[in-house]
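Q: Could we go through this structure together? I would like to begin with the interface and then turn to the strands.

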Amino acid sequence: MSNEATLHSHQHEVTHGTVAHDDHGNGHHEHHEDSFISKYVFSMDHKMIAKQFLITGIIWAIIGAAFSVIFRLQLAFPDTSFPFLETILGHWAKGGHITPEAYYALVTMHGTILVFFVLTAGLSGTFSNLLIPLQVGARDMASPFMNMLSYWFFFLASLVMVASLFVQTGPASGGWTAYPPLSALGDASIGSKIGMDLWLTSMALFVVSQLLGGLNYISTILNMRTKGMSMTKIPLTIWSFFFTAVLGVLSFPVLLSGFILLLFDRHAGTSFYLSELFVAGKALSNEGGSAILYQHLFWFLGHPEVYIIILPAMGMVSEVLAVNSRKPIFGYLAMVGSLFAIAILAFLVWAHHMFVTGLNPFLGAFFVLLTLLIAVPSAIKVFNWLTTIWKGNIRFTPAALFGIGFVSTFISGGLTGIWLGNSSIDIHLHDTYFVIAHFHIVMGVSAFFGMFAGIYHWYPKMYSRYMNNTLGYIHFWITLVGAYCIFWPMHYEGMAGMPRRYFDYSNWESFKQFVELNKFISIVVLIVFATQLLFVFNFFYSIFKGRKLTTTNPWNATTLEWTTPIHPGHGNWPGEIPEVHRWAYDYSKDGHDFIPQTVPVSPDESKH
Amino acid sequence: MSGFLAVLVVVLIFVVIFQIAKASEYVSILKGEKKARQQNNRINGFLLIAFLVLGLIGVYYCNELLKGKILGEAASEQGDSIDNMIMWTLYITGIVFVITQILLFWFAFKYQEREGQKAYYFPHNNKLEVIWTVIPAIALTVLVAIGLRHWFRITSEAPKDAMVVEITGKQFNWLIRYPGKDGQLGSKFYKNINDATNPVGQDWDDQLNKDDFMATEMHLVVGKPVKLIIGSRDVVHDVGLPHFRMKMDAVPGIPTTMWITPKFTTAQMKEKTGNPDFIYEIACDQMCGAGHYSMRANIVVETQEEFDAWVAKQKSQYELAHGAATPAAPQQEAAKDSTQKAVAAIID
């Protein structure tokens, strides 16, 4: 393979590079002839691409979260004028009050950005890229070039999405699910004009990025493991990235097909989703389409998507909890099995988002059964994490704390999934704040906690420096308490049937009792948002000024990434790739604190 | 100015926190990595257990504070089923929530790193795995079984004697049509729609349409099942009935249905809730555009006599469209036009 050859030639340069620069080690040493462009911009090094995904994701997260701050201000203080909003948004916030159109645009963009750009690209894009070659023992991805394209398609998608924020009629505003006919007809909503075309274009580019990345992750894991690294010896992080990539590769194309049909309906006069419409004073000619067809296509990705978001977090938390408890992950095979079960079931439950669309109740019954079945592998995972920390010797690094926080929020949000997955309860709670509370806790907060755990834990590998611990602790505690304060009370709003995506509740006799609660939630949102900025500051400050790493293995972990040099070059290991002899979880075995995967099994070692 | 001050304060707080964080890092380097870690561990271990205790108290307090605001007893028989289901699910998930959260934070606190403490090498145990596969599976089977029983009952065919009301969503209000005396809705076609005289597109050649009347408020009879025929003129809407605990999408081109049996009249609810302004509201529950948040209609649940009196005052849409020289919106007519009512009765 030509690819291998390229990498091996790199390897020699790397060896020299590392030796020459180790003493004043600052930055990332690759080949001498690397220009700025090929090193930092069009890089084919998976570690650099991971950083590109991460930093792009962080920028998107700030934008997406800032949008939520703005619409939370509206929800809490509908009668107060905020002049700064007019400064930022112009006629979308005349007199300091955002318009309903602006509110819906913000809500839509918040969802799109967080779900796709931050928690898909920013999370699995970052850590799949960083950890797959390092933990399976490969010099790079199967195709570094495709990997680079994957990032740049994401970048293009980002550019198009940013552009859509500045068009005169505003960005898409029909919700992140973009249900037609609302999203198909410019006359039905101002956001469904050019903003929607840009949204669809951006998402199409994003799907391309995901497929290029996903195929790469799968082929790297299957084909490029180092000697001795059988599939049962790879860390759970890799298993989770593997299933994530499989989910993405199988479901994103379906989303793309749904979007293409939507584009046809918008511009080519077709009627895939449109039927019998009377909009803006005139009857349209479309007949015979089904708006529900789109929902099927959308949720066939949409549901696996939530596992695409949460599986990498699960994998990383498994790793972080084991390392910091100084204990093997409990039930490795059960953990892999439950990931597998979740991945399979992920494809069989999409219609639980559609219980109240007029779905055949008999068909709905199967989706209830399959949906609640997912709770079984999820429960196995939770109990295994609990048993992993049981009788451990836990070090509360910021990463470990976020790992514990992840388990806590995953339990809280997962249990409300049992409510919503049961169709009879869903009739009442569907599209209310209960749903908002549920998925924000289980795939928003939890996934972010998994991501934070990953960032704090692997930061030394990425930047050869540590992040500031104290800021990490402050970040964790305010975020954990804040997240519960924000989302827990929303369950009650949902129980009252309070609908999502309302601009103002003050005219509703049934929902106006929550005015004070909404104020409380929004104030906590402001505090938590400021705390995230503190994290961002810590992240960027530590790249340049953080405490330097002085050892290759700062957490005393067993996995292969910690056998690379402090400043790994392109190709990761200066010499040969180490051989693997054991699984990744020999912590506290036979009186040893930890036994790296590269250590051969000695004959007198106890079996497990 | 105040905005500028607020930003200044936030920045100052940031700077202070950052300086403390930087100083504490230097201190921990001076103290040695191990000692610093032990100290951090003690602090965070304490915080974890404090979070558990305060968190559980907070959950209780939050419930005390908010349980009075979640609309009280369901106002339909179907809603009772759903509330019953919620109760069972709450018990099961509530128990699991409390136990697992206590275990998580208690273990974290108890097994924090200590000098001389060794972690226990415990890679797997099949018996445990089987236990926590089987127990959740059984619990979930029970929930699925109860849930589906309610689900099939709620989504079953409406009883034969159910009253029929059609509700059509449009940006951004609801169009409500009653079948009139014959009890049958006339046919409609979207190309007949005319906002002034024919908002749902009734086919005037269909005899069944002659007595159908439109209303802006939905009137229902207490204790009498009602079947809603739900549709939409433009985008997807959703008929959300929070007090009745029911909900169904309104999809253009594909009619949907749901049926409920109201338990309390509006007057009874005013008494029950102690709120003289109480009103049953229909809320749109599916994002439908800029006016989504204001897409409301009211429901009046009343006795059969009150309902009959109300129906007698209504005027068919056919007549409104054809009778009056200058057709007006149906609601204004329906509300006060009692002189023409007599004429309508004669024509019918």
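**Interface and strands**

A: In this predicted model, 105 residues of chain A are in contact with 98 residues of chain B.

Q: How do the residues on the side of chain A that touches chain B divide into nonpolar, polar and charged?

A: That side of chain A comprises 62 nonpolar, 31 polar and 12 charged residues.

Q: Changing topic: in which sense do β1 and β2 of chain B pair?

A: Strand β1 (residues 163-170) and strand β2 (residues 173-178) of chain B are antiparallel, with five bridges between them. One bridge couples B:Gly169 to B:Trp174 in β2(B).

Q: And what joins β1(B) to β2(B)?

A: A hairpin does, passing through two residues.

Q: Which strand is joined to β2(B) by three bridges?

A: That is strand β3 (residues 213-215) of chain B, and the two run antiparallel. Within β3(B), B:Met214 is the bridge partner of B:Arg177.

Q: Next, the five-strand sheet of chain B: what is the strand order?

A: The order is β4-β10-β9-β6-β7 in chain B; the sheet is open and its pairing is mixed. Its edge strands are β4 (217-221) and β7 (246-250) of chain B, each of which pairs on one side only.

Q: By how much are neighbouring strands of this sheet turned against each other?

A: The average is 25°, with direction ignored.

Q: How many bridges join β6 to β9 in chain B?

A: Two bridges link strand β6 (residues 237-241) to strand β9 (residues 280-284) of chain B, and these strands run antiparallel. B:Val239 has B:Cys284 in β9(B) as its bridge partner.

How values were computed: Residues are numbered from 1 along each chain as its sequence is written. Chains are lettered from A and ligands numbered from 1 in the order in which they are written. This is a predicted model: local features need pLDDT of at least 70, side-chain atom pairs count only at pLDDT 80 or more; totals for chains, interfaces and linings use all residues. Two residues are in contact if their C-beta atoms, placed from the backbone, lie within 7 Å. Ala, Val, Leu, Ile, Met, Phe, Trp, Tyr, Cys and Pro count as nonpolar, Asp, Glu, Lys and Arg as charged, and the others, Gly among them, as polar. Two strands pair if DSSP finds at least two bridges between them. Helices (H or I, at least four residues) and strands (E, at least two) are DSSP runs, numbered from the N terminus. Axes are lines fitted to C-alpha atoms, for helices over the stretch in contact, and angles run from 0 to 180 degrees between N-to-C directions.
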